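Welcome! Let us walk through this structure together, one part at a time.

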Amino acid sequence: MKTQKLIDQSGHADMDQSVHADQSVHPEKSVHAELVEALPKASTSSARTDFVARTDFVARTDFVARTDFVGRTVLLDRIRDIGRRAAIGAIALAATGFAIAQQPAGQPIRIGSTLALTGPLSATAQIHKLVGEIYIEQLNKRGGLLGRPVEWVVKDDQSKADLARTLYEQLVTADKVDLLMGPYATGAILSAMGVAQRYNKVLVHHTLGIPSLAKYDMQFPAWSIGSDPATTVPNTLFDALAASPKPPKTVAVVTSKFPSIQFMSAGAREVIKKRGLTEVLFLEWDFGNRDFGPIANRVKDAKPDFVWVGAIGLEGNLLLDAMKKIDYSPPQHFYLYPSPGPLLASPDAKNALSATIFEAQPPFTSNLGAAEFVKIYSERAAKAGFTDTSVETQAAASYTAWQILEAGVVATKSLDDKAIGTWLKTNKVDTLQGKLRFDGTGNFGDDLMRIKQIQGGKWVVVWPKEVTAGGAKLIAP
Amino acid sequence: MNFALPSFSLLSQSILSGIFVGALYGLMGLGLSLSWGLLRLINLAHFAFAFLAAYLCYQMATMGMDPLLTLAVIVPLFFALGAGLHWVMVRFAVTPFNSLLLTFGLTGIAESVIQSIWTADFRKLESTYAEQKFRIGGLFVPVPELITLVLAVALCFAVWAVLRYTDLGRAMRAAAQDAPVAAAFGVNQKALGLVLAGTCAALASVAGVCLALSFTLAPSQMYAWIGVVFAAVMLGGLGSALGPLVAGTLIGVSEAITMAVTAPSWAPIVSFTLLIVILIFRPGKTGR
């Protein structure tokens with residue numbers, strides 16, 4: 001326990017230095033080195049470092065205690081004792097599975113990206129910033145990449161796609177970063193993709209909403225929406241509704257004209273038609289619309305069984321506020337890309353549906369790195385004053401992007417973009433969302449979008465059945 | 001685009017919504033119109049004042065103060081701010097065109113300040129008024145929007161009465177019409193300018209409080225109001241007190257009917273089409 005405390009308090013860099021310092025002044029240094037060498041070959045490098053730290057502490061204590069009566073017996077005892085302690089240490093390591101990574105060393109690997117740190121998209125981009133910070137911290141604790149520390153160079157694109165293009169140019173040509181990471185939001189991602197293509201760089205991105213625009217061979221999406229989400233996502237939704245106790249017959253489609261929203265709503269209209277449902281209303285509004293009153297009036301007047309709201313951010317909340325003013329609440333309602341926290345907090349959003357790739361609940365939390373990330377993210381998001389501290393689509397996609405990049409570098413043992421890109425194209429990557437493949441159209445793999453619903457003040461995944469927790473079912477009032 | 005015949009209840013509710021939002025256009029346009037028509041300054045910072053006031057109202061309401069009571073603090077504060085800004089403009093002899101550039105810059109600064117304090121996240125003022133509404137026949141009347149309408153009408157008529165029936169108002173109109181002659185009759189233009197600029201900023205702050213009562217706030221949204229409010233001011237006539245209210249209501253109702261009959265995305269076109277049509281057919285009647 002004491003050793004653990006020492007490790008936690010001193011930090012890995014200090015610990016590593018203290019190990020070397022001790023070796024230079026104490027006679028135990030050779031024994032110490034032997035113990036490190038004696039570690040099983042199968043041990044991970046991280047386990048080895050942990051062992052160095054622990055045995056160093058043990059050896060020092062031992063040395064101080066016994067130098068008062070130095071002699072042959074004592075020396076033999078000590079050697080035996082060290083051997084015993086080493087064995088205990090090794091057993092303890094194996095038993096606890098506890099591992100702290102080897103301290104990364106050398107020139108840092110620099111990963112460059114932009115994020116919308118200011119401007120209208122900054123609220124969501126802050127999630128990506130926090131996730132990136134957490135990931136880099138974790139990565140460096142695990143030993144960095146290729147044994148080198150990792151540094152994230154992030155610039156503010158001010159929610160402007162054209163500025164993102166300039167900044168990515170800067171990152172490649174002036175900052176000379178080793179690798180690129182994608183920015184937030186479709187427009188900026190497309191800008192970054194153009195730059196990446198020009199310089200043959202791999203670009204892993206978080207949340208590109210329009211797969212058909214992803215033409216570059218070495219771009220890799222972390223948001224598993226499949227290559228035709230405009231068909232597959234509405235189909236998943238209407239499958240869920242069809243299996244509910246009250247399948248809708250009439251549908252109102254109201255949607256923002258925001259690019260990554262509008263084509264999804266157009267796809268929903270096609271799906272509605274193919275399924276023989278009646279579309280009683282179709283309305284579009286411009287992104288940034290001020291007044292949702294008339295839209296609420298139109299929806300109320302159309303009397304639909306179900307409302308597809310092609311909303312992004314707070315638009316869904318604004319529409320619900322306007323509906324409330326005319327004493328109307330939709331019988332069943334779906335919101336495409338809402339700000340999950342504010343929608344959850346709205347009393348008018350009871351039983352609202354949405355789509356997700358990840359929720360902080362089983363079975364999602366069993367995926368690679370999920371449980372630990374959910375815990376850390378919640379703590380850090382609370383500290384940062386976020387209204388919603390749970391991991392959902394944005395945070396999960398962001399974390400996944402970093403996992404994909406790390407997997408590519410580790411597998412190829414290089415920073416060569418071509419090698420990484422080729423490997424990613426031909427291999428599956430285990431991530432927070434499950435195993436992802438990149439061999440479909442536009443490098444998109446499977447559509448892993450699930451349907452979730454607000455139930456009892458929480459988002460609960462309700463479809464498909466195999467990813468629901470505790471037998472959760474869609475509630476159709 | 002799909003056209004649909006709206007039901008009576010939809011049409012009447014939409015027209016009511018249009019009147020409410022039109023009143024806010026008029027209230028926001030009132031100070032802008034006075035500043036442009038009487039001071040010859042195109043004050044884009046008017047929108048920054050309105051949003052700053054909206055955020056201050058939000059902040060004070062979050063601390064437990066009634067949103068309408070915040071006017072007691074906000075109005076004098078913005079009066080002083082407006083007067084101060086005018087003093088700077090006069091001191092440096094800013095021309096009408098330069099005032100447009102200067103106040104545009106100030107608006108950008110104000111947006112950044114708001115964003116740094118309240119972040120870019122949307123903010124919604126939760127007050128006791130927000131939940132209140134009542135019915136007249138089949139129509140739902142939300143109380144926050146009704147408060148905006150009452151304040152807009154009351155303030156527009158009050159300003160109109162001051163300009164028309166008081167010595168102060170006559171002096172302001174005279175100074176705007178012919179400054180040297182007004183000065184010859186003993187009109188203190190500097191003092192009048194400060195009072196008028198302060199009043200315009202105070203009116204912007206009232207509009208800001210109304211904005212906070214009915215709408216969700218985001219710093220970047222201040223730009224979404226500029227076009228339509230300018231249209232209301234141009235249509236209503238520069239320096240007019242009642243004009244922006246009438247024009248704003250006309251635009252608001254037109255937008256609402258457009259949204260009820262066609263699609264919401266067509267609504268912004270209405271205000272500018274109206275402006276263009278009136279500029280073509282009544283070229284001498286606008287912009288005065």
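In chain A, the C-alpha centres of domain 2 and domain 3 lie 29 Å apart. This is a predicted model, in which local features need pLDDT of at least 70 and side-chain atom pairs count only at pLDDT 80 or more, while totals for chains, interfaces and linings use all residues. Residues are numbered from 1 along each chain as its sequence is written, and chains are lettered from A and ligands numbered from 1 in the order in which they are written.

The assignment for chain A, with bounds that come from an automatic or database domain assignment, gives domain 1 (2-96), domain 2 (109-225 + 364-446) and domain 3 (229-356 + 451-467). Where domain 2 of chain A meets domain 3 of chain A, 9 residues of the one are in contact with 9 residues of the other; contact asks for C-beta atoms, placed from the backbone, within 7 Å. The domain 2 side of chain A has 3 nonpolar, 4 polar and 2 charged residues there. Here Ala, Val, Leu, Ile, Met, Phe, Trp, Tyr, Cys and Pro count as nonpolar, Asp, Glu, Lys and Arg as charged, and the others, Gly among them, as polar.

Now turn to the two chains: their contact takes 27 residues from chain B and 26 residues from chain A. On the chain B side, helix H1 (8-38), strand S2 (139-142) and H10 each supply at least two residues. Helices (H or I, at least four residues) and strands (E, at least two) are DSSP runs, numbered from the N terminus. The largest share of that side, 6 residues, comes from H1(B).
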